Amino acid sequence: MLDYTGLQALAAVVREGSFERAARRLHVTPSAVSQRIKQLEERTGQVLVLRGTPCTGTEAGRRLCLHVEQVALLENELRRANPTLMPDGHATPPTLKLAVNADSLSTWFMDAMAAFTGGGNELLDIRIDDQDHTAQRLKEGDVLAAVTASAGSIAGCNTWPLGSVRYVAASSPAFVAQHFAHGVTTEAIAHAPMMTYDRKDRLQEQWLQRQGLASRQSPPKHFVPSNDGFVRGCEAGMGWGMHPHLLVQRQLGAGTLVELLPGTGMAMPLYWVHARSAQAGLARLTDCVMAAARQWLAPTEKASAGKLSKK
């Protein structure tokens, strides 16, 4: 039998990053939190918390934290459906940990979050990562669900196709005139500064490969881990980069951004993936995500079918 007092202490430490903050959240002393986790580790025979700044969960610890979150979700739904069964009106609202790429968070996913939080008391803990890496967070037990570009199977997870985001390569008219006066060529690309969100961002390289513009010489790069800063940097002529069309329609219409090669947009399919064991607790969130995706994203064959794909 799992000790839920210990599990709640474990989840609080991993979420808050320290024993002291976890103790304040649980309204107990840090020594009480430490003792509960020690007993839980002895019972499971595994180290569950890596002590440090911040404290983090081991793989086993993260899995147990997700279990606690799933139980909290189910209890919350039960309390909402039948308050007489669980009349505790002072219960802490459950928190859902999700992994989302920055471009989705800046555009369509915000509608999904607003609809979900507006219809319940659940809280969201969003982890931002590249769309090609959010699935890894799910595999590692760091989150319950993720928006990802990975269509591959993930053991123990269900996958929903969402649709596609169209990306365009763009910069300011002045930048294009300066660096591509004789056309967008391999040689010109090799010397033109390129905007990159972070070191996981491969969109620019993927576009260059598709256009046959990739070369052995890597272009000079600016790293700007901010969606607003990325767009503003391109408008200001710092470099060129790949932008979700949803995010830069106004700039393209106003002419502050122009496509390097018009008509060469790149479609990025997205998927909603969640732990199968949490399907019941995440049903309402999944409905909100799918509804927002239908409004914002370009449909794909699988997404338009609207069926759950079990992996």
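Helices (H or I, at least four residues) and strands (E, at least two) are DSSP runs, numbered from the N terminus. The model is predicted, so local features need pLDDT of at least 70 and side-chain atom pairs count only at pLDDT 80 or more, while totals for chains, interfaces and linings use all residues. Residues are numbered from 1 along each chain as its sequence is written, and side-chain values use heavy atoms, with hydrogens and water left out.

**The whole chain**

Show the protein chain as a cartoon: there are 14 helices and 12 strands in it. The C-alpha atoms of the chain fill a box of roughly 70 × 40 × 30 Å, taken along the principal axes. Buried means under 20% relative accessible area, exposed over 50%, and partly exposed in between (1.4 Å probe, protein chains only). Of the 311 residues in the chain, 46% are buried. Contact means heavy atoms within 4.5 Å. Take the contacts between residues at least 6 apart in sequence: 76% of these join residues at least 24 apart.

**Asp132**

Select Asp132, in the loop between β4 (123–128) and α7 (134–139). Is Asp132 buried or partly exposed? Its relative accessibility is 33%, so Asp132 counts as partly exposed. Leaving out residues up to four places away in sequence, Asp132 touches Ala149, Ser150 and Gln206.

Most residues other than glycine have a negative phi, and most peptide bonds are trans. Select His27, in the loop between α2 and α3 (30–44). His27 is not a glycine, yet its phi is positive, about 60°. With a relative accessibility of 73%, His27 counts as exposed.

Next select Thr53 and Pro54, which are joined by a cis peptide bond with omega of about 5°. Pro54 is in the loop between β1 (49–50) and β2 (56–57).

**The largest pocket**

Pockets are found on a 1 Å grid over the protein atoms alone: a pocket is an open set of points where a 1.4 Å probe fits, with protein on both sides within 12 Å along at least five of seven lines, and lining residues have an atom within 4 Å of a point. Grid points are joined across faces, edges and corners, and a volume is the space filled by probe spheres set on the points. The largest pocket has a volume of about 630 Å³. Select Gln8, Val68, Ala72, Thr92 and Pro93, which are the closest to its centre of the 20 lining residues. Then colour α1 (4–16), α2 (19–26) and α4 (59–81), each of which supplies at least two residues of the lining. Which helix gives the largest share of the lining? That is α4, with six residues.

**Aromatic rings**

Rings of Phe, Tyr and Trp (its six-membered ring) pair if their centres lie within 6.5 Å; planes under 30 degrees apart count as stacked, over 60 as edge-to-face and the rest as tilted. By this rule there are four aromatic pairs. Select Trp108 and Phe109: this pair is edge-to-face, 5.4 Å centre to centre with 90° between the planes. Both Trp108 and Phe109 are buried.

Move to Trp207 and Trp240, a tilted pair at 5.5 Å centre to centre and 55° between the planes. The pair links distant parts of the chain, 33 residues apart: Trp207 is in helix α10 (residues 203–210) and Trp240 in the loop between α11 (227–235) and β9 (241–244). Trp207 is buried, with a relative accessible area of 0%, and Trp240 is buried at 0% too.

**Pro193**

Pro193 touches Trp240 and, among others, Phe175, His179 and Pro220, not counting residues up to four places away in sequence. Its relative accessibility is 18%, so Pro193 counts as buried.

**Helix α13**

End at helix α13 (residues 283–296), which has 14 residues. Select its buried residues: Leu285, Thr286, Cys288, Val289, Met290, Ala292 and Ala293. They pack against β3 (95–100), α6 (109–118), β6 (157–171) and β11 (266–275).

Methods
The expected span of a helix is 1.5 Å times one less than its number of residues.
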